[in-house]
Amino acid sequence: MTSAANAWQLTRDLDDFLGRAGDFLRAGPVRHTVPLTVTDALRRRGMGGYGEEPPLFGVLERGGAVRGTFFRTPPYRLNLTAVDERDADALAALLADVDTALPGAMAEPDTAGAFAEAWRRRTGATAVQVRSERLYRLVDLTTPGPVPAGRARVARGADRDLLARWYRDFADVIGGTAHRDGAAWADDRISHGGVSFWEAPDGTPVAMAGATPPVAGQVRVAPVYTPAALRGRGYAGAVTAEVSRAARAAGAQEVLLFADLANPTSNGLYQRIGYRPVADFAAYDFTGGRDGTTARTAHTAGGGAAHGTRPRRVTATAGPSSSPGPCGGT
């Protein structure tokens with residue numbers, strides 16, 4: 001029988017990874033929304049889309065079938081699909097020899113905990129859970145009332161500077177730094193109609209909600225942001241509902257989003273809109289160990305995940321927000 005350690009195969013070739021794991025990921029597009037959207041973004045933006053170091057991918061194969069996958073886009077956390085304790089330990093053993101700068105990991109709680117413990121045991125690093133997120137899927141869309149005055153509209157080229165500023169502000173709100181240049185993020189989102197505003201009757205944008213391009217029938221809403229002075233007026237709910245409606249109208253079979261479990265406001269809002277829980281995810285940071293690595297950033301499960309945020313203890317944020325997605329709102 002193939003050992004658990006030998007069952008993990010590593011590659012830096014995106015085509016090789018998707019050739020091996022693509023069917024597995026597409027067979028469960030809801031739980032696999034993060035690897036699906038991140039690999040799609042790497043195809044669209046190039047392999048340097050998240051950092052200067054090349055991404056690393058892994059596929060767990062046993063009995064002729066794929067059982068799990070991971071990816072890492074340095075300098076961000078490892079993102080791992082659900083695997084058992086034995087396979088999490090085997091992966092930690094393998095990566096301890098090839099990726100000593102690993103800053104953390106994110107996965108469903110049992111998997112994340114098993115990998116974190118294995119990493120601690122094998123490297124001497126300190127592993128601390130720093131974030132818990134819940135993945136939701138849209139079931140019955142309901143626009144929360146009362147609907148504020150104004151309307152939704154898709155952001156366009158003239159909105160570039162505002163989008164870039166709000167992207168940076170959003171990262172600050174969730175406790176981190178923007179993982180991409182704000183202007184580059186804005187250009188990418190404008191290119192595919194990937195962010196909408198709620199604007200007041202006078203045309204002033206008052207909130208935004210983004211959405212990833214469709215992959216394997218799923219779209220993830222992220223990020224959702226309202227400036228601090230404008231919160232509590234229903235703008236976030238209105239624009240999130242509209243972006244969700246537009247995704248469904250465009251043919252998305254699944255519309256998803258992540259919410260920080262430390263933020264009861266956003267979790268309550270999304271459930272009022274018609275989102276229902278699917279699974280929870282946990283993020284761990286690793287510090288110390290063999291090379292004294294200090295976790296720098298977060299890869300969330302997050303349209304969107306949050307990827308590109310400073311590691312932090314879980315704290316409530318002010319007002320509704322959706323994680324910037326797997327990789328900062330890919």
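User: What makes Asp181 a cap of α7?
Analyst: Asp181 sits at the N-terminal end of α7, with a side-chain oxygen 3.1 Å from the backbone nitrogen of Ala183. A polar contact is a pair of N or O atoms within 3.5 Å, one able to donate a hydrogen and the other to accept it. This is a predicted model: local features need pLDDT of at least 70, and side-chain atom pairs count only at pLDDT 80 or more. Side-chain values use heavy atoms, without hydrogens and water.

User: Why are α6 and α7 called oblique?
Analyst: Helix α6 (residues 160-173) and helix α7 (residues 182-191) pack at about 120°, with axes 8 Å apart. Angles under 35 degrees are roughly parallel, over 145 roughly antiparallel, 65 to 115 roughly perpendicular, and the rest oblique. The pair is therefore oblique.

User: Which residues of α6 meet α7?
Analyst: Arg160, Leu163, Ala164, Tyr167 and Arg168 do, where contact means heavy atoms within 4.5 Å. By class, the contact of α6 with α7 has 7 nonpolar, 1 polar and 3 charged residues.

User: Why does Ala216 count as partly exposed?
Analyst: Its relative accessibility is 31%. Buried means under 20%, exposed over 50%, and partly exposed in between (1.4 Å probe, protein chains only). Ala216 therefore counts as partly exposed. Ala216 lies in the loop between β9 and β10.

Technical notes: Residues are numbered from 1 along each chain as its sequence is written. Axes are lines fitted to C-alpha atoms, for helices over the stretch in contact, and angles run from 0 to 180 degrees between N-to-C directions. Helices (H or I, at least four residues) and strands (E, at least two) are DSSP runs, numbered from the N terminus. Ala, Val, Leu, Ile, Met, Phe, Trp, Tyr, Cys and Pro count as nonpolar, Asp, Glu, Lys and Arg as charged, and the others, Gly among them, as polar.
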